[in-house]
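Thanks for coming. I have one model to show, and I will keep to the ligand shell and two positions in it. Please have a look at the structure first.

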Amino acid sequence: MKIIMLGAPGAGKGTQAKKIAEVCNVPHISTGDIFRANIKNGTELGAKAKEYMDKGLLVPDELVCDLVVDRIQQSDCEQGYILDGFPRTIPQAQALTNALNAIGQKMEYAINIEVPDENIIRRMSGRRACVGCGATYHVVYNPTKVEGVCDVCGEALILRDDDKPETVKNRLNVYHEQTQPLIDYYKNEGILVEVDGTKNMDEVFADICKVIGVH
Ligand code: AP5
Ligand code: ZN
């Protein structure tokens, strides 16, 4: 199963991508998670990415494309993968299409999770991420058993630097300008699937499973 998750920041791409990856038993590849891991580990890539991420801007295409094209050719991706947060610009989508053509592969679905901007702000301000394992929660919609403590690994939860309201507004503007055009790109490729992301997490997941034929 080869799937691209599309949607605004906070639409629920990561939440759904993890669940789909689990049921399909394929890797979940999140470029945001890759950059955050690099920042945490103090790498050169992390330092470069942080400059853009903290402002709510996209990291330049040249830092992202090769990384993903390499990743999807690793042996654990033979049965497929779920791309979360990539592609995010038309040049990234073209780079992916070219790379897949070169290795004789085809993307199966681009799933667009639709959520209006006003819901997004509410979701981001309530999101909490684990400093240990990166699991994400929401103070209202997906709370932990013990407040402020990760259910998975017991580490502390934080508000992501780029989830502050002024940065979220920038990320939404960048999304509308640079990423939304991908909806038409994948419509033209004939693989676009739209799901209503305002429903609760389990309902959104059930809708996705229905359209991709997974139970
Ligand atoms: P990235 O980490 O990809 O951020 P994003 O796209 O902005 O997406 P988010 O992780 O914020 O949200 P999500 O859609 O995954 O939502 P989630 O499931 O967490 O990228 C971060 C930055 O890295 C970018 O800004 C950019 O700088 C850089 N970057 C990454 N990839 C790049 C690329 N390809 N090119 C250039 N730069 C790149 O859900 C959000 C919250 O809502 C959670 O709290 C969740 O619990 C809750 N929630 C989820 N679903 C529901 C629901 N149905 N109902 C209620 N609450 C829900
Ligand atoms: Zn954790």
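What follows is the shell around the ligand, then the record, then two residues.

This is a predicted model, where local features need pLDDT of at least 70, side-chain atom pairs count only at pLDDT 80 or more, and totals for chains, interfaces and linings use all residues. Residues are numbered from 1 along each chain as its sequence is written, and chains are lettered from A and ligands numbered from 1 in the order in which they are written.

Ligand 1 is surrounded by 35 residues, counted when the C-beta atom, placed from the backbone, lies within 6 Å of the ligand. Pro9, Gly12, Gly14, Gly32 and Gly85 are the closest. Among the elements that each supply at least two shell residues are α1 (13-24), α2 (31-40) and β6 (136-138). Helices here are DSSP runs of H or I with at least four residues, and strands are runs of E with at least two, numbered from the N terminus.

Now the record. The unreviewed UniProt entry annotates a "binding site" that includes Lys13, Thr15 and Thr136; such annotations may be inferred rather than shown by experiment.

Why does lysine 13 count as buried? Because it has 24 C-beta neighbours inside 10 Å, and the cut-off for buried is 20 or more other C-beta atoms within 10 Å, with exposed at 12 or fewer and partly exposed in between. Threonine 15 is buried too, with 23.

Contacts mean C-beta atoms, placed from the backbone, within 7 Å. Leaving out neighbours within four places in sequence, lysine 13 contacts Met5, Gly7, Asp84, Gly85 and Ile113. On that basis, threonine 15 touches Thr136 and Met201.

Key: Two residues are in contact if their C-beta atoms, placed from the backbone, lie within 7 Å.
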